[in-house]
Every structure is written in C-alpha cells, then in structure tokens.
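Trainee: I would like to learn how to read the nonpolar cores and the disulfides of a model. Could you take me through them in turn?

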Amino acid sequence: MQVAVAKIDHPDPVTLTCDSLLEFDGVVTWTHLTLDGVNQVLESIGHDLKVKDVDTPLVGEYSCWNNNKKLASIYLFLDAEDQEEESDSFISCWAKSYNCTFSCNWTHSEFTAVRMGLGHNCSADESSCSWVSPSSGPHSDGGFQFELNHSLSPFGEESNMLEVTAEAINKHSYLRQTKRFFLRDIIQPDSPTIVKCRGNRKGLKVTTEPPTSWATPYSYFPLEHEIEYHNKDNGQVGRSTTDYVPIGISHLRVRSRDPLLPSSWSEWTPWKNVTS
C-alpha cells in the first residue's frame with residue numbers, strides 16, 4: 001500500500017494518484033475507508049484525487065476502482081512533525097564497541113509501528129533504503145529498540161557521520177526523523193569484570209578485564225577504569241583511577257571508558273565485597 005502525508009489544515013490540497021500496474025479501461029472511481037471503519041464512495045472520478053483541508057476525519061485508506069475492481073490503495077496520514085521539537089528528539093543511539101553493530105531507541109510512546117534505516121538513501125527517502133524492524137518493543141514506556149549494522153572500519157579515522165532515519169505511524173499520524181552522529185560520540189562500553197583483589201605493600205591491587213563486547217586487540221582499543229570503594233572503618237567513599245585502592249575497604253565497584261575520546265562511562269559493576 002502506498003502512503004501519503006498531509007500537513008493539518010494546509011492551504012494546498014493533497015493529490016492522491018491511482019498508480020496501478022493493472023490494465024483497465026474506463027472511469028476510475030474512489031472510496032475512503034475512515035478510521036471508524038466506514039467505507040465511503042466519493043463523488044470524484046479520475047486518476048487523481050485532491051483532498052482539501054485535511055484533518056483527522058479525512059485520514060485513512062483511499063482506494064481507486066474500475067468496474068468494481070480495486071486498482072490501488074493509498075493510506076493518508078497527518079504529518080505529526082512538531083516545529084517546536086528538535087528534528088531528532090525521539091532517537092537515541094549507543095554503541096558498546098567499535099564493532100559493526102550499534103543500538104538505537106525510539107522514545108515516542110504515541111506511535112504503534114516504527115522502522116529505522118541507516119544511510120543517506122534512507123534520510124533522502126530513496127527506494128533503495130533497507131529498513132530495519134525493531135529488535136524489541138513496544139516496551140512498557142511505549143518505545144522500541146533497534147539493532148543496526150554499519151560498515152565503518154574500527155581501525156580507520158572516522159570522517160563521515162552515520163545517518164539514522166526513523167519512520168513512525170499510528171492510526172492517523174506519521175512522523176519522520178533523522179539523527180546524524182559520529183560513531184565515536186555514542187560509544188559506551190559494557191561494564192568490566194572484576195577478576196581479583198590482592199593486597200601488597202602498595203595497597204590493594206584490583207585486576208579487571210574488559211567486557212567481552214569490547215573491541216580487540218585491547219592494546220589498540222585500551223580502556224581506563226575507575227574504582228569506587230567504601231572505607232571499612234569510617235564508611236567514607238573514595239575513588240581511584242589506578243589499579244590500587246587503600247587496604248581496609250569493605251567493598252568496591254568498577255566502571256570503564258575509552259580514554260582516547262573520552263567516551264561515556266560504562267555502568268558500574270555490582271558491588272564486590274572485599275575480605276581482608
């Protein structure tokens with residue numbers, strides 16, 4: 001089914017064209033299936049149908065007919081774009097690493113179906129766009145999550161922005177947004193793993209490992225860690241950006257980030273009890 005989008009109360013009519021691959025002769029007529037399920041026979045005839053003063057009662061499925069044979073259908077939506085909203089305000093993206101996959105969320109809860117596409121051909125609304133369905137959703141907040149694949153080399157210098165386009169619909173509205181960003185700006189590693197804690201004359205050495213989702217080799221993609229700990233005697237909280245924390249702490253946790261950007265910090269690991 002084809003899709004048409006109209007701005008509410010726009011002074012110019014929307015033209016719907018009966019674009020059919022079927023062969024036919026004679027008069028083309030039109031029907032309108034409203035949101036209430038009423039199928040109305042329209043007085044207009046011809047290949048083109050002009051819809052004026054579009055508002056909610058006029059959205060729905062328009063079909064063109066020839067001698068009781070349906071030729072094509074077009075669904076007319078209202079454009080839900082809000083001029084006061086930023087053009088990418090409902091798209092949020094993040095990447096766990098520099099590998100070929102990243103994630104995006106659609107956060108507007110009023111839409112029941114969403115798809116996303118990556119690349120200029122999607123933002124330019126070209127037919128070659130490869131649309132992706134949600135990997136999960138709708139969630140309890142009404143949002144959807146997507147997994148997208150890119151072809152950037154993790155070893156090359158990033159010069160071109162990624163372009164993510166989303167199209168969302170409900171029964172009467174259509175919304176389209178595009179978000180542009182560098183992959184490096186959405187990096188947020190998963191939490192690291194605390195391997196062991198061992199005391200020596202310098203203090204308590206904390207050994208951590210990068211998350212399994214992080215890019216390799218680690219020598220080329222380093223991570224820096226921050227350790228938060230509680231003092232056993234007075235309960236005070238301290239932090240360390242080295243591998244060492246003081247002796248005499250009760251528990252600790254660790255988070256990581258790419259030090260070269262620097263990226264966003266990962267989530268903290270669960271607290272780990274420290275036994276002396």
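Mentor: We shall take the conventions, then the cores, then the cysteines. This is a predicted model, in which local features need pLDDT of at least 70 and side-chain atom pairs count only at pLDDT 80 or more, whereas totals for chains, interfaces and linings use all residues. Residues are numbered from 1 along each chain as its sequence is written, and side-chain values use heavy atoms, with hydrogens and water left out.

Trainee: Which residues touch the most other members of the largest nonpolar core?

Mentor: In soluble globular proteins, nonpolar side chains tend to be buried together. A nonpolar core is a set of buried Ala, Val, Leu, Ile, Met, Phe, Trp, Tyr and Cys residues joined through side-chain atoms within 4.5 Å, where buried means under 20% relative accessible area, exposed over 50% and partly exposed in between, with a 1.4 Å probe and protein chains only. Here the largest core has 27 residues, and Phe102, Trp106, Met116 and Val164 touch the most other members. Among the elements that give two or more residues to this core are strand 9 (101–106), strand 10 (113–118) and strand 12 (162–169), strands being DSSP runs (E, at least two residues) numbered from the N terminus. The largest share, four residues, comes from strand 12. A second, separate core of 18 residues includes Tyr62, Cys64, Leu71 and Leu76.

Trainee: How many disulfides are there, and which pattern do they follow?

Mentor: A disulfide is a covalent bond between the sulfur atoms of two cysteines, and the criterion used is a pair of cysteine sulfur atoms within 2.5 Å. A search of the whole structure finds three, and with bonded cysteines counted along the chain their pattern is 1-2, 3-4, 5-6.

Trainee: Where do the partners Cys18 and Cys64 lie?

Mentor: Cys18 and Cys64 are joined with an S to S distance of 2.1 Å; Cys18 is in the loop between strand 2 (14–17) and strand 3 (29–33), and Cys64 is in strand 6 (residues 60–66), so that the pair links distant parts of the chain, 46 residues apart. The torsion about their S-S bond is about 75°, so this disulfide is right-handed. Cys64 counts as buried because its relative accessibility is 1%.

Trainee: What of Cys93 and Cys104?

Mentor: Their sulfur atoms are 2.1 Å apart in a disulfide, and the torsion of about 100° makes that bond right-handed.

Trainee: Is Cys100 buried or partly exposed?

Mentor: Cys100, at 44% relative accessibility, counts as partly exposed.
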